Amino acid sequence: MRNFTPEQAGPGGAPVVSADPFSDEFLADPFPGHAGLREAGPVVWLERYGVWGMARHAEVQAALRDHETFCSSSGVGLSDFRKEKPWRPPSLLLEADPPEHSRARRAVARALSPGTVRNLRAGFAAEADRLVTELLAGGTVDGVTGIAEEYPLRVFPPAAGLTGDCREQLLAYGDMAFNAFGPRNHLLARSTARMEGVVPWIAAHCTRQALAPGGFGARIYDSADEGSITEDEAGLLVRSLLTAGVDTTVVTLGCALDCLARDPGQWQLLRDDPSLAGAAFEETLRYASPVQTFFRTTTRPVAAGGITLGAGEKVLLFLAAANRDPRRWEDPDRFDIRRRAVGHVGFGYGIHACIGAALSRVEGEELLAALARRVATLAPAGEPVRRLNNTLSGFASLPLVLTPAR
Ligand code: HEM
């Protein structure tokens, strides 16, 4: 891939990268492009969009840690909220800085407390077991619609307190929100076309009245009752969980199934010891990085990787490239569930690190463990089809054949 033109020097002498990281070609197989970005330098100039890029683990992690310099309130996508109107009212969490962010984060952390997540585990495990029983009756399955979408859509909505069928709305909204962090390309246009009626549906289902008591959606309103957030803020925080909580986990589970189906040795390791399910989910987050990128905006001039970035400039952080940086990981392009994947930035890092990580880990652990206990072989049954999205990297279709363990 001709993505680096060394004779050219960009702003501050930075290496110029001409590749478009949001093109279909790049998104369909991002890893060679990531290697090129890492090799080009610690900080590069992405000339297609006139923004900075960081793809090495050390720089990505340092930027995520320094939220005062690399802020989120100007948006964590390409669009700069100081110059362009966002497509929806900004998230009080993802697209906010302290002190507003800290207040919102406290309310959500309370609603998704370790105790809440712990109490969900038994129900999630039972649902995983039920799904595996159904899958084994079928033999072949599309790993995306039949497993990776099916399982979170059975367990997440009731845990949140959503009632009724919400499959299409949650998936369409997630696809749109994650495309909207990128440029206004055909992927965004395609997901926008799926959105008929979805925005009002989401808004209506974030209200106190719509949420069943006892779910973590309703628990956010406990903070409104105590006065630490307003009623409107509570609605927006529920929206954050519905936006970020489903599609991310769907894509991660799809990637985990793909990795395990393509590597019988790794599947056997998991079969031999289903307690490795958590490690397999974590290694998937490192190896496949279902959430590939997020932007930040500089609040002041800052030196990074020998380059000085000006104030008010957008920086694209390649989480996925950091997760395979050979400077940080041994044999980074190898999927290995015995690896200590701690330190990956697949859930982000710093004050914005994923607040739903514990919940999605329980989903991943319970589903993969249930499969490992009862499925002897998990194998590809056809060519996978990649799903293109400006931020998420996974599959649209993943034909699999499952044989039962005796
Ligand atoms: C495997 C599944 C998931 C992945 C890969 C993932 C990934 C991420 C990443 C990379 C960030 C950091 C964003 C940034 O730094 O700008 C993040 C933040 C966030 N995630 Fe997740 N996520 C997952 C599941 C969930 C779930 C299940 C929920 C909700 C129940 C959730 C809610 C959020 C929220 C609200 C934030 C913003 C936190 C803040 O800004 O303080 N995520 N997630």
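A residue counts as buried if 20 or more other C-beta atoms lie within 10 Å of its own, as exposed if 12 or fewer do, and as partly exposed in between, with C-beta atoms placed from the backbone. The views below show a predicted model, in which local features need pLDDT of at least 70, side-chain atom pairs count only at pLDDT 80 or more, and totals for chains, interfaces and linings use all residues. Residue numbers start from 1 along each chain as its sequence is written.

View A. Most residues other than glycine have a negative phi. S289 is not a glycine, yet its phi is positive, about 40°. S289 belongs to the loop between α15 (277–288) and β7 (293–298); helices (H or I, at least four residues) and strands (E, at least two) are DSSP runs numbered from the N terminus. S289 is buried because 27 C-beta neighbours lie inside 10 Å. D331, also not a glycine, has a positive phi of about 50° and lies in the loop between α16 (319–322) and α17 (357–374). D331 counts as exposed because 10 other C-beta atoms are within 10 Å.

**View B. The cis peptide bond between P98 and P99.** Most peptide bonds are trans. The bond joining P98 and P99 is cis, with omega about 5°. P99 is found in the loop between β5 (70–71) and α4 (100–111).

**View C. The shell around the ligand.** The ligand is surrounded by 25 residues, of which G245, T248, G348, C354 and G356 are the closest. Two or more residues of this shell come from each of α12 (231–244), α13 (247–262) and α17. By class, the shell holds 13 nonpolar, 11 polar and one charged residues; Ala, Val, Leu, Ile, Met, Phe, Trp, Tyr, Cys and Pro count as nonpolar, Asp, Glu, Lys and Arg as charged, and the others, Gly among them, as polar.

**View D. The packing of α15 and α17.** The axes of α15 and α17 are 8 Å apart and form an angle of about 120°. α15 is therefore oblique to α17, since angles under 35 degrees count as roughly parallel, over 145 as roughly antiparallel, 65 to 115 as roughly perpendicular and the rest as oblique. Axes are lines fitted to C-alpha atoms, for helices over the stretch in contact, and angles run from 0 to 180 degrees between N-to-C directions. A277, G278, A280 and F281 of α15 meet R361, G364, E365, L368, A369 and A372 of α17. This contact of α15 with α17 has six nonpolar, two polar and two charged residues; two residues are in contact if their C-beta atoms, placed from the backbone, lie within 7 Å.

Conventions. Near = placed C-beta within 6 Å.
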